[in-house]
Amino acid sequence: MFDIGSDERFERLADLILEWNEKINVTAIRDRGEFMQKNVQDSLAPLGLPEFDCAKTALDLGTGGGFPGLPLAIACPDKDFFLVDSIAKKLKVVADAAEKLGLSNVQVLHSRAEDLAMAPKKGEVPKLPGRESLDCVVSRAVANMSTLSEYCLPLVRTGGHFIAFKTENAMEEIEAASHAIELLGGGELRIEKAGSEDGHILVIVKKLRQTPLKYPRRKGLPASEPLK
Ligand code: SAH
């Protein structure tokens with residue numbers, strides 16, 4: 001397991017987020033020890049996975065108060081991170097923390113997943129971050145596996161990976177999403193124990209082929225009518 005004592009910025013991150021949390025609710029965890037375990041250590045679970053380690057560009061979809069994106073950006077200075085959320089006030093906190101920690105490898109982006117993954121119009125140059133552009137997309141505590149796959153897989157380039165933070169309780173939901181994952185161009189699903197917390201797992205999905213242009217469907221639909 002990654003040693004969070006090895007870099008004082010993990011403690012500084014806790015100071016910054018917990019201080020902001022007095023004003024704006026960005027995390028339900030207020031106890032410092034619990035914060036280090038459940039927000040910082042848990043976020044670092046993908047370290048050591050070849051699918052994560054080989055990525056040069058990574059996106060955290062629904063980063064909220066910056067998890068798992070900020071701890072991963074501290075641990076991986078050589079990767080470029082895009083931290084995305086649809087709620088601007090949470091991103092203010094994330095941007096402030098990234099700046100105070102000197103994380104020049106972090107960009108925060110206010111967008112819904114469905115908008116970010118929209119296909120470029122005719123003649124438009126593909127963007128980073130945008131559709132089919134990322135080596136790796138990670139996401140924790142955002143949506144069920146089917147909805148989350150429709151948010152994340154369109155953003156991953158062919159050959160890249162989508163890594164979902166889940167718990168063992170979600171096994172049924174993960175199995176139920178296998179057809180949706182296939183429709184979205186993903187496959188070769190693999191599950192790894194996360195190690196930092198009992199029952200926490202990482203679901204690793206490979207992007208095998210481009211996502212058909214009809215996905216993601218329009219705003220709200222991936223959540224209200226998950227693909228089956
Ligand atoms: N990943 C963080 C926050 C989880 S809360 C953590 O583990 O602590 C879920 C977050 O996902 C919220 O901040 C919410 O605004 C964001 N979210 C939900 N649906 C989204 C969408 N379609 N596009 C972008 N962000 C979304």
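Is Leu-189 buried, exposed or partly exposed? Leu-189 is partly exposed, because its relative accessible area is 37% (buried means under 20% relative accessible area, exposed over 50%, partly exposed in between, with a 1.4 Å probe and protein chains only). The model is predicted: local features need pLDDT of at least 70, side-chain atom pairs count only at pLDDT 80 or more, and totals for chains, interfaces and linings use all residues. Residues are numbered from 1 along each chain as its sequence is written, and side-chain values use heavy atoms, with hydrogens and water left out.

**Overall fold**
- The chain has 10 helices and seven strands (DSSP runs numbered from the N terminus: helices are H or I with at least four residues, strands are E with at least two).
- The radius of gyration is 17 Å, which agrees with the value near 17 Å for a compact globule of 228 residues (taken over C-alpha atoms; the globule rule is 2.2 Å times the number of residues to the power 0.38).
- Along the principal axes, the C-alpha atoms fill a box of roughly 45 × 40 × 30 Å.
- Buried residues account for 54% of the 228 residues.
- Of the contacts between residues at least 6 apart in sequence, 67% join residues at least 24 apart (contact means heavy atoms within 4.5 Å).

**Surface**
- The accessible surface is about 10,700 Å², and 50% of it belongs to carbon and sulfur atoms (Shrake-Rupley method with a 1.4 Å probe; for residues, only the protein chains shown count as cover).
- Met-171, Leu-189 and Ile-191 make a nonpolar surface patch of about 210 Å² (patches are made of residues with over 30% relative accessible area and no salt bridge; like charges are joined within 9 Å, nonpolar side chains, namely Val, Leu, Ile, Met, Phe, Trp and Tyr, within 5 Å).
- Leu-189 belongs to strand 6, residues 186–193.

**Salt bridges**
- The count comes to 15 salt bridges (a side-chain nitrogen of Lys or Arg within 4 Å of a carboxyl oxygen of Asp or Glu).
- Lys-219 and Asp-115 form a salt bridge at 3.6 Å, N to O. Lys-219 is in the loop between strand 7 (200–207) and helix 10 (221–224) and Asp-115 is in helix 6 (residues 113–116), so the pair ties together parts 104 residues apart in sequence. Asp-115 is partly exposed, at 31% relative accessible area.
- Lys-207 and Glu-132 form a salt bridge at 3.1 Å, N to O. Lys-207 in strand 7 and Glu-132 in the loop between helix 6 and strand 4 (134–140) are 75 residues apart. Both Lys-207 and Glu-132 are buried.
- Glu-168 pairs with Lys-193, with the closest N and O atoms 2.8 Å apart. Glu-168 lies in the loop between strand 5 and helix 8 (171–176) and Lys-193 in strand 6, so parts 25 residues apart in sequence are tied together. Lys-193 is exposed at 64% relative accessibility, whereas Glu-168 is partly exposed at 38%.
- Glu-11, Asp-15 and Arg-32 are linked in a salt-bridge network.

**Surroundings of Arg-157**
- Arg-157 is in strand 5, residues 156–167, and is partly exposed, with a relative accessible area of 32%.
- Leaving out residues up to four places away in sequence, Arg-157 touches Glu-132, Ser-133, Leu-134, Asp-135 and Lys-207.

**Cysteines**
- The structure holds zero disulfides (a disulfide is a pair of cysteine sulfur atoms within 2.5 Å).
- For Cys-54, the nearest cysteine sulfur is that of Cys-136, 7.9 Å away; Cys-54 is exposed at 56% relative accessibility.
- For Cys-76, the nearest cysteine sulfur is also that of Cys-136, 10 Å away; Cys-76 is buried, with a relative accessible area of 10%.
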